[in-house]
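Here's a quick briefing for anyone opening this one up for the first time. Have a look around the fold, then come back for the notes below.

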Amino acid sequence: MNSSLKHTLFEQCQHFVDGRLNAIQQTISEIQESLSSETKSSAGDKHETGRAMLQLEREKAGQQLAEIQKLNQILSKIDLSKPSKTIGLGSLVFTTQAHYFIIISAGQLLAQDQQFYAISANTPIAKLLLGKQAGDLITFRNQEFTIIEVR
């Protein structure tokens, strides 16, 4: 059960990244198509403005693609089989307030009738949790909570 919960959450994170990757690739493909189908029209300035806008969109999509590739790199470094007593990347953290999976920012996940927040190691709450162990007390945004368990 311990490792299957982690695997289930990990798969949800991977699915999240794959979905974003597919969406960005589709966007890039559509922009490329628009750029190549743009023909020189008689309204020269309007044409150049349209091309410039498409170039900006392509640049933005390229940056998003790079971010998604970074997320995939983070996921590839996670060793789910390694048990952790101290909170680090890949840890499941159960607290009196909420449950966290320190991995990537993928939002709220549901597994085995429990709610988890998939958070990146550089989020404010994760920075507080990293290096802590079960039994430690944390104060975040004027709220105190205790770490119940680390997996």
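Is Phe94 buried or exposed? Phe94 has a relative accessibility of 5%, so it counts as buried, since the cut-off is under 20%. Keep in mind that this is a predicted model.

**The sheet**
- The strands line up as β3-β4-β2-β1-β6-β5 in an open sheet of 6 strands, and the pairing is mixed.
- At the edges you'll find β3 (107–111) and β5 (137–140); each has a single partner strand, so one side of each has no neighbour in the sheet.
- Going from one strand to the next, the twist averages 40 degrees.
- β5 pairs with β6 (residues 143–150) in the antiparallel sense, over 4 bridges.
- Across that pairing, Leu137 sits opposite Thr146 in β6.

**Aromatic pairs**
- Searching the whole structure turns up 2 aromatic pairs.
- One of them joins Phe94 and Phe116 edge-to-face, with 5.7 Å centre to centre and 80 degrees between the planes.
- That pair links distant parts of the chain: Phe94 is in β1 (residues 92–95) and Phe116 is in β4 (residues 114–120), 22 residues apart.
- Phe116 is buried too, at 0% relative accessibility.
- Tyr100 and Tyr117 also pair up: their ring centres are 6.2 Å apart and their planes are at 40 degrees, so this pair is tilted.
- Tyr100 belongs to β2 (residues 99–103) and Tyr117 to β4, so the pair ties together parts 17 residues apart in sequence.
- Tyr100 is buried, with 8% relative accessible area, while Tyr117 is partly exposed at 31% relative accessibility.

How values were computed:
Residues numbered from 1 in each chain as written. Predicted model: local features only at pLDDT ≥ 70, side-chain atom pairs only at ≥ 80, totals over all residues. Heavy atoms only, no water. Phe/Tyr/Trp six-rings, centres within 6.5 Å; stacked < 30°, edge-to-face > 60°. Helix = DSSP H or I, 4+ residues; strand = E, 2+ residues; numbered from the N terminus. Buried < 20%, exposed > 50% of the residue type's maximum accessible area, 1.4 Å probe, protein only. Pairing = 2+ DSSP bridges. Axes fitted to C-alpha atoms, helices over the stretch in contact; angles between N-to-C directions.
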